[in-house]
Amino acid sequence: MVDFASKGSEILKTTSIVVADDHPSQRKFLLDVFEEESSLTLVDAVGTASEAIDSVIRHSPDILILDIEMPGLDVFHAAEEVCRLRPEVKIIFLSGNYKDHDIASALRVNAKGYLSKADDALLILDAIAQVMKNKRYFSPTVEERLVEMDSGQV
């Protein structure tokens, strides 16, 4: 079990999370990660961006973890709608790849984080802890892309 408090978290209440990912195995992985932490509660797990909007309206979670590639409504439009309806919800994108236009779109909708589906549980927990402290968190690979994008090398 990962000690979430040792990750520098100063969360005094349970952090509520909605996960939107069209892969049941990814939703199960995240559920397992969150079950190990008493300070984290998965309040809903859905398979589309439209369902994510509905779930955020219904549950008002602290964090929405949103898969970049899902069928149906574009996830960035969904993120914009979530920001409009529930601006206090912090969005962390989850992706299996690192397309520059996806990273730029995530930044445009004020995402607080961008993680890889390959990241281990410790990185995911660290991202949540940082985001709950009003910081941003990007996977190391995404950070590399941001540096290259900023330097004009891409």
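Colleague: How are helices and strands defined here, and how many of them does the protein have?
Modeller: Helices are DSSP runs of H or I with at least four residues, and strands are E runs of at least two. The model is a predicted one. Read along the sequence, its pattern is β-α-β-α-β-α-β-α-β-α-β-α. Counted in this way, the protein has six helices and six strands.

Colleague: What share of the protein's residues counts as buried?
Modeller: A residue is buried when its relative accessible area is under 20%. The protein exposes about 7400 Å², with carbon and sulfur atoms supplying 51% of that area. Of its 154 residues, the share that counts as buried is 47%.

Colleague: Among contacts between residues at least 6 apart in sequence, what percentage joins residues at least 24 apart?
Modeller: Contact here means heavy atoms within 4.5 Å. Among the contacts between residues at least 6 apart in the protein, the percentage joining residues at least 24 apart is 68%.

Colleague: Why is helix H5 described as largely enclosed by the rest of the structure?
Modeller: Helix H5 covers residues 121–132. Its buried residues include Ile124, Leu125, Ile128 and Val131, and also Asp126 and Gln130. H5 is largely enclosed because, of its 12 residues, those that are buried number nine.

Colleague: What does H5 span from its first C-alpha to its last?
Modeller: At 1.5 Å a residue, 16 Å is expected for the 12 residues of H5.

Colleague: Which residue places a side-chain oxygen at the start of H5, and which residue follows the helix?
Modeller: At the start of H5, the backbone nitrogen of Leu122 has a side-chain oxygen within 3.1 Å, and this oxygen belongs to Asp120. After H5 comes a residue with a positive phi, near 60°, namely Asn134.

Note on methods:
Residues are numbered from 1 along each chain as its sequence is written. This is a predicted model: local features need pLDDT of at least 70, side-chain atom pairs count only at pLDDT 80 or more; totals for chains, interfaces and linings use all residues. Side-chain values use heavy atoms; hydrogens and water are left out. Buried means under 20% relative accessible area, exposed over 50%, partly exposed in between (1.4 Å probe, protein chains only). Accessible areas come from the Shrake-Rupley method with a 1.4 Å probe; for residues, only the protein chains shown count as cover. The expected span of a helix is 1.5 Å times one less than its number of residues. A polar contact is a pair of N or O atoms within 3.5 Å; within protein, one must be able to donate a hydrogen and the other to accept it, and residues adjacent in sequence count only if both atoms are side-chain atoms.
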